[in-house]
Amino acid sequence: MLSAIVKSRFVKIFIFGAMLVKSTQEVFEQIDKVGAHHGIAIFALFQLLKVLSEFYEAAEVIDDD
């Protein structure tokens, strides 16, 4: 049960979306200081794009059938 929740794409979208929103807020508040929030924003963005591409690939597989 827990494994299914952790592997859920919707949970991943929520987590990476929340990370992206919060880290982007920190970036804009402290634009002149380079910190971990810049890296977290980049990481969250790429992970979110990765999950969204999985949805796109799944839709292509469904359309092919």
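The side chains of lysine 22 and glutamate 26 form a salt bridge, with N and O 3.5 Å apart; the term requires a side-chain nitrogen of Lys or Arg within 4 Å of a carboxyl oxygen of Asp or Glu. The model is predicted, so local features need pLDDT of at least 70 and side-chain atom pairs count only at pLDDT 80 or more, while totals for chains, interfaces and linings use all residues. Residues are numbered from 1 along each chain as its sequence is written, and side-chain values use heavy atoms, with hydrogens and water left out.

Lysine 22 and glutamate 26 are four residues apart in helix H2, and therefore about one helical turn separates them. Helices (H or I, at least four residues) are DSSP runs numbered from the N terminus. Lysine 22 has a relative accessible area of 45% and is partly exposed; glutamate 26, at 22%, is partly exposed. The classes are buried (under 20% relative accessible area), exposed (over 50%) and partly exposed (in between), with a 1.4 Å probe and protein chains only.

By the salt-bridge rule the count is two. Arginine 9 pairs with glutamate 54, and their closest N and O atoms are 3.1 Å apart. This pair links distant parts of the chain, 45 residues apart: arginine 9 belongs to helix H2 (residues 9-29) and glutamate 54 to helix H3 (residues 36-64). Arginine 9 is partly exposed at 35% relative accessibility, and glutamate 54 is partly exposed at 22%. In general, side chains of opposite charge can pair when their charged atoms come close.

The table gives accessibility for further residues.

| Residue | Relative accessibility | Class |
|---|---|---|
| Lysine 12 | 28% | partly exposed |
| Serine 23 | 4% | buried |
| Lysine 50 | 47% | partly exposed |
| Leucine 52 | 41% | partly exposed |
| Aspartate 64 | 67% | exposed |

Serine 23 is part of helix H2. A polar atom of the serine 23 side chain lies 3.3 Å from the backbone oxygen of leucine 20.

Lysine 12 also lies in helix H2. Between lysine 12 and histidine 37 there are 19 Å from C-alpha to C-alpha, at a sequence distance of 25 residues.

Two surface patches complete the description. Patches are made of residues with over 30% relative accessible area and no salt bridge, where like charges are joined within 9 Å and nonpolar side chains (Val, Leu, Ile, Met, Phe, Trp, Tyr) within 5 Å. Glu57, Glu60, Asp63 and Asp64 make up a negative patch. For charges, Asp and Glu count as negative and Lys and Arg as positive, with His and the chain ends not counted. The place of a charge is CG of Asp, CD of Glu, NZ of Lys or CZ of Arg. Aspartate 64, a member of this patch, is in helix H3.

A nonpolar surface patch consists of Ile42, Leu45, Phe46, Leu49 and Leu52, which together have about 480 Å² of accessible area. Accessible areas come from the Shrake-Rupley method with a 1.4 Å probe, and for residues only the protein chains shown count as cover. Leucine 52, one of the patch residues, is found in helix H3.

Technical notes. Helix = DSSP H or I, 4+ residues; strand = E, 2+ residues; numbered from the N terminus. Polar contact = N/O pair within 3.5 Å; in protein donor to acceptor, adjacent residues only side chain to side chain.
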